[in-house]
Amino acid sequence: MSAAELAGRFGTPAYVYDLDRVAAARDDLFAALPDEVEVFYAAKANPHPELLRELRTGGCRAEISSVGELDAALRAGFPGDRILYTGPGKTTAELAEALTRGVRLFSTESPGDLRRVGETALRLGLTADCLLRVNNATGAAATGIRMTGVPSQFGFDSETLPGLAAELREIPGTRIAGLHFFPLSNAKDEASLIAEFRHTVATAAALQQALGVTFRFLDIGGGFAAPYAVQGARPVYRELRDALARTLDEHFPGWRAGAPQVACESGRYLVADSGTLLTSVVNVKDSRDHRYLVLDAGINTFGGMSGLGRILPVSVEPHESVGADGTPASLAGPLCTPGDLLGRGVPLPALDPGDLLTVPNAGAYGPTASLLMFLGRPAPAEIVVRGDDLVSVSRIEHTRTYDHGQAL
């Protein structure tokens with residue numbers, strides 16, 4: 001079905017996710033990595049059950065950061081032992097639920113986080129395998145979004161880890177299984193991505209010696225790039241596979257036999273280009289020589305971080321050729337806040353209320369990364385297709401539950 005047919009049948013705003021595109025991205029990423037390297041899908045990018053299921057059946061594991069994502073992963077068929085639980089704010093209750101439901105691998109951010117995992121596991125008569133997330137003091141890539149090298153709530157500062165080794169090894173209820181890195185997001189070129197992985201692997205080898213622990217697991221992070229809400233193609237990495245294998249051969253000679261098991265993780269790369277956002281023009285407004293296109297998709301539907309002043313570059317295209325040349329316009333959403341802007345000065349032809357626009361590469365960080373409940377507007381429809389076949393249509397519902405039998 002075409003975008004216009006889907007919009008006419010299910011309304012706007014709506015996301016359309018193509019599972020064929022998810023499978024293509026997964027296959028490209030697997031081809032870019034050595035066969036022995038596992039891939040975690042970061043569910044925060046898009047926890048839609050159909051996308052999770054597609055990635056699971058293609059061989060991915062799941063990386064989660066909440067019991068909500070845990071529930072989504074389990075419902076999509078991931079067993080607990082194929083899930084990595086990460087994040088700086090894991091509560092005792094959340095850890096107990098994850099352990100009870102079969103999760104055994106946790107990324108820990110600090111001695112306190114590691115102790116909390118151990119205490120919870122002990123109460124349940126279990127032992128948790130724990131990765132120490134590393135906030136590396138240095139990096140190699142000159143491009144992309146750096147995630148380490150500064151004070152952070154994420155990870156052990158790499159320079160402090162050797163001094164903590166004895167304490168960390170002795171925390172009851174835990175086994176130090178290895179390390180977890182995530183130094184870079186959305187690298188802008190393959191050379192930078194390779195350089196960062198080389199730096200990460202070398203750092204991991206040095207820390208293994210300093211900690212006196214033989215690693216069984218090593219998550220070297222991600223950084224795989226994909227366009228987000230703008231025109232462009234997802235890159236295909238042609239040099240990474242051999243470069244990463246050579247680096248691992250140098251620093252971890254047993255990695256091909258699983259000593260350690262090496263893993264990467266990705267969110268945006270796997271799902272971004274599977275999604276298209278459909279939105280309609282509600283109103284056209286001119287104010288002091290400035291044009292606004294008011295859309296039915298705002299920061300409650302897409303790009304919610306723009307509500308905090310981080311306006312993202314967004315590409316929108318009319319579904320079909322309309323009107324004559326128009327005036328560059330700000331793209332405003334329907335919310336009662338001046339922060340509801342998806343873009344400024346966007347060049348578009350003349351448009352009228354009811355005209356359909358599409359936002360490309362919108363399969364990652366959509367509804368669940370937006371201000372979904374602000375003003376109580378309904379969530380967008382999420383339409384899943386596989387090529388020309390309709391798979392499912394769903395919508396997240398806003399509900400309130402009361403404890404202790406309370407009711408209004």
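Predicted model: local features only at pLDDT ≥ 70, side-chain atom pairs only at ≥ 80, totals over all residues.
Helices and strands here are DSSP runs, numbered from the N terminus.

Most residues other than glycine have a negative phi, and most peptide bonds are trans. Arg288 has a positive phi, near 50°, and is not a glycine. Its relative accessibility is 82%, which is over the 50% cut-off, so Arg288 counts as exposed. Now look at Ala229, another residue other than glycine with a positive phi, this time about 65°. You will find Ala229 in the loop between E11 and H9. Is Ala229 buried or exposed? With a relative accessible area of 0%, Ala229 is buried.

One joins Thr12 and Pro13, with omega at about -5°, and Pro13 belongs to the loop between H1 and E1. The other runs from Ala259 to Pro260, with omega near 5°. Pro260 has its place in the loop between H9 and strand E12 (261-266).

Let us return to E13, this time by way of a pocket. The second largest pocket has a volume of about 260 Å³. Its lining is made of 18 residues, and Ala3, Val16, Ser274, Gly275 and Thr276 are the ones nearest its centre. Which elements supply at least two residues each to this lining? They are helix H1 (3-10), strand E1 (14-18) and strand E13 (275-287). Of these, E13 gives the most, with 3 residues. By type, the lining has 7 nonpolar, 7 polar and 4 charged residues.

Two of the residues nearest the pocket centre, Ala3 and Thr276, also turn up among the contacts of Thr358. Thr358 is part of strand E18 (residues 356-359). Leaving out residues up to four places away in sequence, Thr358 also touches others, including Leu277, Ser315 and Glu317. Because its relative accessibility is 14%, Thr358 counts as buried.

Ala272 lies in the loop between helix H10 (268-271) and E13. At 0% relative accessibility, Ala272 is buried too. Beyond its neighbours within four places in sequence, Ala272 is in contact with Ala226, Pro227, Asn361, Ala362, Gly363 and Ala364.

Now for the aromatic rings, which form 9 pairs in this structure. In one of them, the rings of Phe224 and Tyr237 have centres 6.1 Å apart and planes at 55°, so the pair is tilted. Both residues lie in the loop between strand E11 (217-219) and helix H9 (240-251), so the pair ties together parts that are 13 residues apart in sequence. Phe224 and Tyr237 are both buried. Ring pairs also link these two with Phe197 and Tyr269 into a cluster.

Finally, how many disulfides does the structure hold? The count is 0. Cys264 counts as buried because its relative accessibility is 1%, whereas Cys336, at 69%, counts as exposed.

Key
Residues numbered from 1 in each chain as written. Heavy atoms only, no water. 1 Å grid on protein atoms, 1.4 Å probe; cavity = no way out; pocket = protein on both sides within 12 Å on 5 of 7 lines; lining within 4 Å. Points joined across faces, edges and corners; volume = space filled by probe spheres on them. Helix = DSSP H or I, 4+ residues; strand = E, 2+ residues; numbered from the N terminus. Nonpolar A, V, L, I, M, F, W, Y, C, P; charged D, E, K, R; others polar. Buried < 20%, exposed > 50% of the residue type's maximum accessible area, 1.4 Å probe, protein only. Contact = heavy atoms within 4.5 Å. Disulfide = S-S within 2.5 Å. Phe/Tyr/Trp six-rings, centres within 6.5 Å; stacked < 30°, edge-to-face > 60°.
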